[in-house]
6 protein chains.
Amino acid sequence: MFLHKKELFRPVQVDKPNPRFGQYLLEQFGGATGELTAACQYFVQSFHVDNPGIKDMLLDIAVEEFGHLEMVGRLIELHTKGVKPNIANDSPLFAARGKGPHFLDSLGVTWSASYINEGGDVVRDLRADIAAEAGARQTYEALVNMAPDEGSKKALVHLLTREIAHTNM
Amino acid sequence: MFLHKKELFRPVQVDKPNPRFGQYLLEQFGGATGELTAACQYFVQSFHVDNPGIKDMLLDIAVEEFGHLEMVGRLIELHTKGVKPNIANDSPLFAARGKGPHFLDSLGVTWSASYINEGGDVVRDLRADIAAEAGARQTYEALVNMAPDEGSKKALVHLLTREIAHTNM
Amino acid sequence: MFLHKKELFRPVQVDKPNPRFGQYLLEQFGGATGELTAACQYFVQSFHVDNPGIKDMLLDIAVEEFGHLEMVGRLIELHTKGVKPNIANDSPLFAARGKGPHFLDSLGVTWSASYINEGGDVVRDLRADIAAEAGARQTYEALVNMAPDEGSKKALVHLLTREIAHTNM
Amino acid sequence: MFLHKKELFRPVQVDKPNPRFGQYLLEQFGGATGELTAACQYFVQSFHVDNPGIKDMLLDIAVEEFGHLEMVGRLIELHTKGVKPNIANDSPLFAARGKGPHFLDSLGVTWSASYINEGGDVVRDLRADIAAEAGARQTYEALVNMAPDEGSKKALVHLLTREIAHTNM
Amino acid sequence: MFLHKKELFRPVQVDKPNPRFGQYLLEQFGGATGELTAACQYFVQSFHVDNPGIKDMLLDIAVEEFGHLEMVGRLIELHTKGVKPNIANDSPLFAARGKGPHFLDSLGVTWSASYINEGGDVVRDLRADIAAEAGARQTYEALVNMAPDEGSKKALVHLLTREIAHTNM
Amino acid sequence: MFLHKKELFRPVQVDKPNPRFGQYLLEQFGGATGELTAACQYFVQSFHVDNPGIKDMLLDIAVEEFGHLEMVGRLIELHTKGVKPNIANDSPLFAARGKGPHFLDSLGVTWSASYINEGGDVVRDLRADIAAEAGARQTYEALVNMAPDEGSKKALVHLLTREIAHTNM
């Protein structure tokens, strides 16, 4: 059973809305290396393993990744809402599809479960997780480099640090 | 922030594993009308609305739908694990991809976020939710008709009842 | 049996070709909320229902939506043809793929039948139609706001009005 | 502008409903080589060409292909409706998704506009059409071989003959 | 530059054609864990790295994986050709789409480059390769268990052994 | 069995890296009309035909097309590597996903085997090849028109000439 608390894992703040950067952030919301991929991958793997300790660990990480998804979603919300009507100049994506996050990557491609790597064997599943964390890490590093404000950068560095921690588990 | 409790929303029980029915159940795990669609649709919509009451309601339903996803996943786990090695006769899908749930529909098509309907406007979003509940309801009714055991049937009837409750909210 | 007349439902005119806006218009030609989705959804639903009155109504709307698809296609044709060779500066999409409409959305994602919501039950199908009209309406409103010329705006307002009429049927 | 008449291009008849064959027929309704691909390909190409004669020919064929789509849809309707409730034994697809046609191929994969080949040049477009007709023809021949009743066979042979006629245009 | 020799990496033999097993083998031809995924992943990664030794190693493995793809393709050819006309009873897929391999998985889903994990960093790329080999290995083990004849089994065991060798590089 | 030589079919040179043009070039690397489509289409068709002369010809062309894929990949590598860190201004795609080629088209859509046209019959397969070459040719012509430097233009003209040669075979 899932529960939800209103607080984010860690509060996020955006110093100045930047819809174009909001669009780049979609990469970690609805992109191949993003938090939905991570959350769904750990979640589905938890059904495949019988060892209760590993099952719990996988579920715990899944739940944390859903919380990260929420943080990235809030960042995107902050980068697109409260923006002047001429948002189309900066990001036609949000002008056409509405402000706030969508399950698309930064180029507008819809998220697909074919990004998930899992099945049949716990060793395979854990190797897939290490690879997925490496992908998430590379993308967060790219986004940190592109981040236009300190608030976004801090949030992304926090998320990057968590991916590294998962790899070490 | 998401939290997780080990208990399911409602305990589920399978009287006799039936991998073929396990495969049909994928329809509500990784299918177009399934619980991942519902959970992700309510979740992403919650970022689009400013009214705190509606925002909370959308998040509450999203969290419940994730819990339904978990129930369906457990049913699939029970229908495919503890099955003799010749599972390939009944369901080549689980023989090739591993037992337990996957984010596929009953025909093996990977889940896609293009199943989600949302964006730009709270009225549109709520209409999309009513339509999605109607789709989930139709699929649950079909699965209840196909269910080979009482345990599965009870779980599915419970889930069906919840979808009807959401439509009335 | 389908028939075709050369005249559009309503003549369309573009005051000044704007390939960038032509690309945004793809949203209603090959996008999730677009006219192909609407036309195919009503059309396929007409096979599911036995009541002749509802069957006819669904087919009538399908045929009208194909006509709307044609109007949007003509608008895109007018916004991309007769443009100087340096169209690549404004829209690399049309420079690479050719002028005129394609079954892509404004971000270049190919149209997929997973946008369609239908199946098994007339109540579900009609709810899906109400949701689809709400999505189309939201997208037309966004495009009206982005429209660079009066001719495009008029055509889009007409199409928007028709979607509202369908919802009231 | 599109119009519609209730009569099919040619009446179709099914001697005995066979849901499994109904599922194979999806290949020409929502499959890669099917009538939706053909209709949409000719339709979208008609916007790319300036020569009025070729434009008209492309539109005429598009309209005929939509009519073929309707015939295939009716065949699928006849093969799945009026079938006993245990349709799940023969075709879980229709049991789960509802009777009648869907924009899926015979293996349940949703139709995608990436099946369409078009763009930028009339010579390319016409070559793509010849290739598409060859694919449709091969699939109709396969279905004729698998057809369980004379009524279905006659309808498919008629459709096959029309594809050959288009290739010779 | 690529070159080709007629000989397979290792000759393959099928004792008795079995179209149903031929369909399962598609899992390693056009499936997520299959040889096309492996070959394309190593190939595209070779462009991302500047170290000539790693670049060569990635290309060498890519070329070997293309050779494995050819072996799996030949196996599928042998399991589907020379089969009586009533192949539709055993595998409607090959009856409808033609004998021999296709870039589909065993459930008919078309191969997609979203199965590939790569980008931006050599460490990430190598971790992705280890995960991919683990997936391929799990699938080969499943297929060995399902193999109906000694010839197929031998070929699959050989391919399985090669994946393990790559993981140890 | 495939082999590989380090030399390209024809050396390629880029006078001045241009990441934006590198992105357009993806059209022929991971796009619908690109070299992966061509190579995979000829390769898979070679398994369907029994005539040894046609089989060899199809394989020979497949191998050449893989070599063309490599040339396009090298061009993209040269247009994106050695570029200043502010590549995000010119192409957010490479900034987020890493430099060098990816199996995406110029709009970021992942390559899909549904671009391939093949199956069941050699006449159909050869017609599909003529159509595919016509598509590749149209795209190369568009890219030649957009090419910002002489080196890229020369390489693309060479590739264009080869497609025309294949059509005449």
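**View 1. Strand pairing between chain C and chain D in the predicted model.** In this predicted model, F2(C) has H4(D), in strand 1 of chain D, as its bridge partner. Strands (E, at least two residues) and helices (H or I, at least four) are DSSP runs numbered from the N terminus, and two strands pair if DSSP finds at least two bridges between them.

**View 2. The interface of chain D and chain C.** Contact, meaning heavy atoms within 4.5 Å, links 46 residues of chain D with 46 residues of chain C. The two chains bury about 3,900 Å² between them, 67% of it on carbon and sulfur atoms; buried area is the accessible area (1.4 Å probe) that two parts lose on being put together, summed over both. M1(D), F2(D) and F47(D) supply 21% of the area that chain D buries against chain C, more than any other three residues.

**View 3. A salt bridge between chain C and chain D.** The side chains of K55(C) and E77(D) form a salt bridge (3.2 Å, N to O). The rule, a side-chain nitrogen of Lys or Arg within 4 Å of a carboxyl oxygen of Asp or Glu, finds six salt bridges across this interface.

**Notes.** Residues are numbered from 1 along each chain as its sequence is written, and chains are lettered from A and ligands numbered from 1 in the order in which they are written. Local features need pLDDT of at least 70, side-chain atom pairs count only at pLDDT 80 or more, and totals for chains, interfaces and linings use all residues, while side-chain values use heavy atoms, with hydrogens and water left out.
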